[in-house]
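User: I would like a close look at one part of this model, with the cut-offs behind each term spelled out as you go.

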Amino acid sequence: MAISPKTSRAESTAATSAPLLSAAPLTPRGARTRVKLIAAAQALFERDGYLETNVADIAKRARVAHGTFYTYFDSKEDVFSEVADALVVDFASALLEEPQLPSGHSVSERIEQTNRSYLRVYARRARMMAVLEEVATFNPRLAAIRRTSRRMWVQRNTAAVRRWKEQGLIDPAIDPAYAASVLGSMVDRSAYVWNVLGEPHDFEIAVEQLTRLYCNALGLECHLDRKPDD
């Protein structure tokens with residue numbers, strides 16, 4: 001977090017005379033303890049939700065003293081922020097792990113691959129996504145993390161839609177940012193309904209239908225409509 005230029009002299013003096021614990025490098029043992037606390041917190045958040053989880057339970061599950069928690073985190077909100085940040089990284093990593101498509105692949109094949117990747121990660125992290133969705137409704141700081149997760153995908157897709165528009169592949173009247181936001185919401189909300197609310201679905205059919213709808217909305221040719229001998 002950036003320090004405001006309006007920070008008072010007293011605040012500045014306090015900051016320099018009493019360095020934050022987080023500013024000091026952790027020992028190997030300290031790093032392991034911190035990881036244990038994050039893992040314990042994640043397990044409890046996923047099992048019990050945010051509101052029903054407390055610091056005492058996190059410390060107990062991590063097998064450390066209650067006070068040890070505060071050596072590494074200021075509050076339950078702080079450790080939840082770490083868990084949620086890891087969730088965002090997990091989604092970002094999914095993009096990097098996507099296999100390379102063969103040369104000459106179509107736009108719709110890329111859309112299908114991205115939808116598949118997103119649904120796969122969402123299914124794996126559904127419980128934590130459910131908790132993050134819940135917390136985002138009443139905690140502004142944690143809601144910002146949820147927006148960051150969404151923004152990563154929207155920005156990526158905005159750039160793609162803009163490129164397709166420049167190439168003359170889609171309707172020139174389509175606004176790339178709005179299209180990416182609306183279509184991203186379709187995929188994201190569908191993932192929530194299927195994986196959190198438990199609406200029955202078949203993974204492969206879900207990927208196929210989302211891809212068709214995405215392409216139809218943009219007026220893109222969909223490779224799924226090709227005949228075998230095309």
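Is Phe80 buried or exposed, and what is its relative accessible area?

Analyst: Phe80 is buried, at a relative accessible area of 0%, where buried means under 20%, exposed over 50% and partly exposed in between (1.4 Å probe, protein chains only). This is a predicted model, in which local features need pLDDT of at least 70 and side-chain atom pairs count only at pLDDT 80 or more, while totals for chains, interfaces and linings use all residues. Residues are numbered from 1 along each chain as its sequence is written, and side-chain values use heavy atoms, leaving out hydrogens and water.

Rings of Phe, Tyr and Trp (its six-membered ring) pair if their centres lie within 6.5 Å, and planes under 30 degrees apart count as stacked, over 60 as edge-to-face and the rest as tilted. By this rule there are 11 aromatic pairs. In one of them, the ring centres of Tyr50 and Phe80 are 5.1 Å apart and the planes stand at 80°, so the pair is edge-to-face. This pair links distant parts of the chain, 30 residues apart, with Tyr50 in the loop between α2 (28–48) and α3 (55–62) and Phe80 in helix α5 (residues 76–96); helices here are DSSP runs (H or I, at least four residues), numbered from the N terminus. Tyr50 also counts as buried, at 7% relative accessibility.

Tyr50 and Phe80 belong to one aromatic cluster together with Phe45 and Phe138.

α2 packs against helix α7 (residues 126–135) at an angle of about 75°, with the axes 9 Å apart, each axis being a line fitted to C-alpha atoms over the stretch in contact, and angles running from 0 to 180 degrees between N-to-C directions. α2 and α7 are therefore roughly perpendicular to each other, the word used for 65 to 115 degrees, whereas angles under 35 count as roughly parallel, over 145 as roughly antiparallel and the rest as oblique. From α2, Gln42, Phe45, Glu46, Arg47 and Asp48 make the contact, and from α7, Arg127, Met128 and Val131, contact meaning heavy atoms within 4.5 Å.

Definitions and conventions: Helices (H or I, at least four residues) and strands (E, at least two) are DSSP runs, numbered from the N terminus.
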